[in-house]
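Have the 3D view open and follow along.

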Amino acid sequence: TNWKKGLLKTSSELFTLTYGALVTQLCKDYENDEDVNKQLDKMGYNIGVRLIEDFLARSNVGRCHDFRETADVIAKVAFKMYLGITPSITNWSPAGDEFSLILENNPLVDFVELPDNHSSLIYSNLLCGVLRGALEMVQMAVEAKFVQDTLKGDGVTEIRMRFIRRIEDNLPAGEE
Amino acid sequence: MSGSFYFVIVGHRDNAVFEMEVFSCCSRPPHVTAGHMRFIMLHDIRQEDGIKNFFTDVYDLYIKFSMNPFYEPNSPIRSKKVQFLGQKHLLS
């Protein structure tokens with residue numbers, strides 16, 4: 001219905017603007033891009049360790065048997081649910097422990113242009129923290145990092161996901 | 001069609017936020033300042049549709065520009081796109 005579409009558009013703009021305000025405030029609070037990147041990762045981590053519960057409850061996905069299933073769930077269910085986009089999965093490593101998520105558009109960066117004095121800023125680094133935190137709660141230690149970014153002039157945005165190890169102990173949801 | 005146009009965006013304190021002259025024979029680099037806006041066009045020939053389309057496009061551009069979280073209000077705006085729009089709508 002039309003009013004729902006209108007609401008979705010309004011709230012997605014508000015979301016984009018809110019994220020932008022967060023990043024620019026961090027840039028003012030911290031003196032260098034590296035520290036901002038770390039803060040974004042940390043914030044994302046704290047979101048991810050909580051978001052996973054909501055995700056598992058709403059999506060009803062079962063336990064993944066391998067990293068390939070995990071990749072599918074991340075791209076086709078999680079990204080779709082929370083950001084309304086479906087990245088494609090490419091560049092699997094031969095061992096099956098690394099893959100790339102290719103985002104053709106990223107709602108976080110609508111209208112954003114990175115100024116010259118923030119060339120090391122990983123603007124959407126919050127997403128990497130979310131992925132890391134969420135997967136840690138389902139016993140997977142992973143590394144997520146941006147290797148291409150449309151904000152920096154690349155044609156697409158690419159997040160590289162690497163499986164580090166299975167977490168055997170049931171650690172409580174921690175805050176870093 | 002020849003003619004010259006002077007386009008200015010005027011801020012709340014009657015300051016020129018963005019100024020641009022568009023000549024058909026040569027282009028001068030736009031002198032830009034920043035602020036909030038009234039869009040004013042001074043022109044010496046009638047060009048209703050061109051001006052209307054120019055205003056619509058520049059306004060869209062301005063909105064997108066001000067949505068950039070890194071844009072500091074009252075800092076200089078540098079935009080070559082506006083000059084391109086001037087060429088497109090006012091001089092053709």
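Which residues does Ile159(A) touch, not counting those up to four places away in sequence? In this predicted model, the list runs to Phe79(A), Phe99(A), Ser100(A), Leu101(A), Leu103(A), Leu131(A), Ala144(A), Lys145(A) and Phe146(A).

Ile159(A) belongs to the largest nonpolar core, a set of 36 residues. Along with Phe79(A), Leu101(A), Tyr123(A) and Met161(A), Ile159(A) is among those with the most contacts inside that core.

| Element of chain A | Residues |
|---|---|
| Helix 1 | 2–29 |
| Strand 2 | 98–103 |
| Strand 3 | 140–148 |
| Strand 4 | 157–166 |

Now for the helix packing. Helix 2 (residues 33–59) and helix 3 (residues 67–83) of chain A meet at an angle of about 100 degrees, their axes 11 Å apart, so they count as roughly perpendicular to each other. On the helix 2 side, the contact is made by Leu51(A), Asp54(A), Phe55(A), Arg58(A) and Ser59(A); helix 3 brings Val73(A), Val77(A), Ala78(A), Met81(A) and Tyr82(A). By class, that's 7 nonpolar, 1 polar and 2 charged residues.

Last stop: Asn125(A), in helix 4 (residues 125–137) of chain A. Asn125(A) has a relative accessible area of 8%, so it counts as buried. Leaving aside neighbours within four places in sequence, Asn125(A) is in contact with Tyr19(A), Asn37(A), Leu40(A), Asp41(A) and Phe146(A).

Terms used:
Residues numbered from 1 in each chain as written. Chains lettered and ligands numbered in written order. Predicted model: local features only at pLDDT ≥ 70, side-chain atom pairs only at ≥ 80, totals over all residues. Heavy atoms only, no water. Helix = DSSP H or I, 4+ residues; strand = E, 2+ residues; numbered from the N terminus. Buried < 20%, exposed > 50% of the residue type's maximum accessible area, 1.4 Å probe, protein only. Contact = heavy atoms within 4.5 Å. Axes fitted to C-alpha atoms, helices over the stretch in contact; angles between N-to-C directions. Parallel < 35°, antiparallel > 145°, perpendicular 65-115°, else oblique. Nonpolar A, V, L, I, M, F, W, Y, C, P; charged D, E, K, R; others polar. Core = buried A, V, L, I, M, F, W, Y, C linked by side-chain atoms within 4.5 Å.
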